[in-house]
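Subject: Structure handover

Hi there,

Here is the structure I promised you, with some notes on its side chains below. Please have it open while you read.

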Amino acid sequence: MVKKAVLFGSIGTLIETSDIQRKSFNQAFKENGLDWYWSKEIYKNLVKSSGGLKRIEDFANKSNTDIDSKFLRQKKTEIFNNILKTKNIPPREGVLEIIKYAKSHNIKIGLASSTTIENIEAVFITLNNVITKSDFDFIGNSTLIDKLKPEPDIYLKAIGSLGIDSSECIAIEDSVESSISAIKAKIECIAFPGVFHMDDDFKICKKYLKKLDISIFNNN
């Protein structure tokens, strides 16, 4: 079946932010008097679950620490966004090729992210007009849904807004947990892992790519 839409599943499929995210968490912990430090190895395990709030809550439970997880997550978000707003980060390999191909073949483009509006805004600022909001026919965020990934809500919202069926689009995801969200929505998924997800088992996905190319639109 010819695809009518491609859905980038997270901000991490557009730009590589993994280590900036990790450093932002650590700075938030330090500024709020916590002796937590997430090394690359620790963070690699933590990002197996989707969403910064859940990671903080899970870590707090395991370390038996009583914290205001929502406040801490907000501080991390502020730090992360301030970093993005002062840097120009290029798109990940192949992203521009996919967007160009989609536009020239009348394929709709969506960002099925369930992150915060603030994160979405910061990503487009750091992309510095190389990719803009106007390139997308749908842009998701956490306020649009009740349940975050790995639940399928944001994907169901995306295909509903685009007026297409799940079989008529393809998703691109950077983590297994987020890929589950697409699969639950009955959407074919391409694995495009970030640096902390390279070794994860993406067997539920149609393809595993370190660089995107137009082969994702090939049904074979």
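Searching the whole structure turns up 13 aromatic pairs. Here, rings of Phe, Tyr and Trp (its six-membered ring) pair if their centres lie within 6.5 Å; planes under 30 degrees apart are stacked, over 60 edge-to-face, and the rest tilted. Trp38 and Phe59 make an edge-to-face pair, because their planes are at 70°, with the ring centres 5.3 Å apart. This pair links distant parts of the chain, 21 residues apart: Trp38 is in the loop between helix H1 (18-31) and helix H2 (40-46), and Phe59 is in helix H3 (residues 52-62). Trp38 and Phe59 are both buried (buried is under 20% relative accessible area, exposed over 50%, partly exposed in between, with a 1.4 Å probe and protein chains only). Tyr101 and Phe217 are stacked, because their planes are at 25°, and their ring centres are 5.0 Å apart.

Before I go on, a note on the source: this is a predicted model, in which local features need pLDDT of at least 70 and side-chain atom pairs count only at pLDDT 80 or more, while totals for chains, interfaces and linings use all residues. Residues are numbered from 1 along each chain as its sequence is written, and side-chain values use heavy atoms, leaving out hydrogens and water.

Two charges sit over rings (NZ of Lys or CZ of Arg within 6 Å of the ring centre and within 35 degrees of the ring normal). The charged end of Lys76 is 4.7 Å from the centre of the Phe80 ring, and that of Arg92 is 3.6 Å from the centre of the Phe192 ring.

Ala102, in helix H5 (residues 95-104), is buried with a relative accessible area of 0%. Beyond its neighbours within four places in sequence, Ala102 is in contact (heavy atoms within 4.5 Å) with Val6, Ile107 and Ile109. Ser113 is in the loop between strand S2 (108-111) and helix H6 (117-126), and is buried at 3% relative accessibility. A polar atom of the Ser113 side chain lies 3.1 Å from the backbone nitrogen of Thr115. Not counting residues up to four places away in sequence, Ser113 touches several residues, including Gly9, Ser10, Asn141 and Lys149.

Best wishes

Conventions. Helix = DSSP H or I, 4+ residues; strand = E, 2+ residues; numbered from the N terminus. Polar contact = N/O pair within 3.5 Å; in protein donor to acceptor, adjacent residues only side chain to side chain.
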